[in-house]
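Visitor: Could you walk me through this one? I'd like to start with how the pieces pack and then look at a few individual residues.

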Amino acid sequence: MKKIKYLDYFLVIPIFIFTLIYFYQLDKGLLLENNYFPWDSHYYFEMALNFRDDLNLISFKYPVNERILFPFILAFLSKYLSIEMTYAALILNLTSTFCITFLLVFFLNEFNIKFLNKFFIIIIFLTSFIMPLRFSIYYPGSNFAFDVFIVSLISSILYFQIKNNNQILFFISIILSIIGTLERGILILMIYLLPLIIFFFV
């Protein structure tokens with residue numbers, strides 16, 4: 001069993017906080033400050049309002065109508081934290097990004113990436129505009145970071161299941177795949193991968 005490199009995780013926390021503070025001032029703008037949800041996020045916003053205010057009035061066309069997990073959590077955060085929907089989305093996406101960053105550190109250690117290369121990858125991940133951190137600040141209504149986290153989490157559990165032949169992880173992966181379909185229907189394919197995993201690796 002590999003030794004956990006706790007120092008890497010402790011170092012990532014200040015790096016994450018510093019990049020968040022710096023790019024928050026740089027990237028925040030019209031969308032965040034005006035509670036504005038453009039493009040596809042407009043439909044998530046309307047669904048979230050429906051959940052939060054119990055409107056029961058809105059219907060949506062495919063494929064947006066199947067992506068209910070993100071707006072449901074937005075509604076929950078907005079209602080119980082008494083914050084605007086954009087800030088609820090920002091909190092959800094930044095939390096997702098933080099979790100993704102820890103998963104990234106884990107897998108970089110898992111595959112024995114050298115220290116300097118590892119932190120170069122992490123810095124690129126956190127500072128690139130097309131990656132979840134900065135994109136979430138600029139466009140908080142997007143579910144990009146949340147989607148990446150859901151897929152990364154399920155994929156990570158499948159990895160652990162294959163590596164450790166753990167039956168508990170097998171059932172967890174099934175449950176999370178079913179929950180994940182509430183965000184992205186294509187995640188139903190994860191469930192069909194499980195018999196193949198059992199056949200080839202168990």
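**Helix packing and selected residues**

Guide: In this predicted model, helix α5 (residues 85-110) packs with helix α6 (residues 115-127) at an angle of about 155°, and their axes are 10 Å apart. Since an angle over 145° counts as roughly antiparallel, α5 and α6 are therefore roughly antiparallel to each other.

Visitor: And what's the handedness of the crossing of α5 and α6?

Guide: The crossing of α5 and α6 is right-handed.

Visitor: Which residues in α5 and α6 meet there?

Guide: From α5 the residues are I100, T101, L104, V105, L108 and N109, and they meet K118, I121, I122, F125 and L126 in α6. Divided by class, the residues of this contact of α5 with α6 are 8 nonpolar, 2 polar and 1 charged.

Visitor: What does the side chain of N109 make a polar contact with?

Guide: One partner is the side chain of K118, with a polar contact of 2.5 Å. Another is the side chain of D8, which is joined to that of N109 by a polar contact of 3.3 Å.

Visitor: Okay, D8 then. Where is D8 found?

Guide: D8 is found in helix α1, and with a relative accessible area of 4% it is buried. Its side chain also makes a polar contact of 2.6 Å with the side chain of K118. Leaving out residues up to four places away in sequence, D8 touches V105, N109, F115, K118 and F119.

Visitor: So how do α1 and α5 pack, in terms of angle and axes?

Guide: Helix α1 (residues 6-27) and α5 pack at an angle of about 145°, with 11 Å between their axes, and the crossing of α1 and α5 is right-handed. On the α1 side the contact is made by D8, Y9, V12, I13, F16, L20 and Y24, while α5 contributes Y87, L90, L94, T97, F98, T101, F102, V105, F106 and N109. By class, the contact of α1 with α5 has 13 nonpolar, 3 polar and 1 charged residues.

Visitor: Let me step back a bit. How many helices and strands does the protein chain have?

Guide: The secondary structure of the protein chain comes to 10 helices and 0 strands. Of the 202 residues in the protein chain, buried residues make up 41%. Among the contacts in the chain with a separation of 6 or more, 67% are accounted for by residues 24 or more positions apart.

Visitor: You said "one of them", so what about N112?

Guide: N112 has a positive phi of about 55° although it is not a glycine. Its place is in the loop between α5 and α6, and N112 is exposed, with a relative accessible area of 54%.

Visitor: Now S41. Is S41 buried or exposed?

Guide: S41, whose place is in helix α3 (residues 41-53), counts as buried at 1% relative accessibility. If residues up to four places away in sequence are not counted, S41 touches Y139, G141 and S142. S41 and P71 are 30 residues apart in sequence, with a C-alpha to C-alpha distance of 9.4 Å.

Visitor: Last one, L169. Which helix does L169 lie in, and what does L169 touch?

Guide: L169 lies in helix α9 (residues 167-180), and at 17% relative accessibility L169 counts as buried, given that buried means under 20%. Not counting residues up to four places away in sequence, L169 touches I157, F160 and Q161. L169 and I157 are 12 residues apart in sequence, and their C-alpha atoms are 6.4 Å apart in space.

How values were computed. Residues numbered from 1 in each chain as written. Predicted model: local features only at pLDDT ≥ 70, side-chain atom pairs only at ≥ 80, totals over all residues. Heavy atoms only, no water. Axes fitted to C-alpha atoms, helices over the stretch in contact; angles between N-to-C directions. Helix = DSSP H or I, 4+ residues; strand = E, 2+ residues; numbered from the N terminus. Parallel < 35°, antiparallel > 145°, perpendicular 65-115°, else oblique. Left-handed = near helix turned anticlockwise from the far one by under 90°. Contact = heavy atoms within 4.5 Å. Nonpolar A, V, L, I, M, F, W, Y, C, P; charged D, E, K, R; others polar. Polar contact = N/O pair within 3.5 Å; in protein donor to acceptor, adjacent residues only side chain to side chain. Buried < 20%, exposed > 50% of the residue type's maximum accessible area, 1.4 Å probe, protein only.
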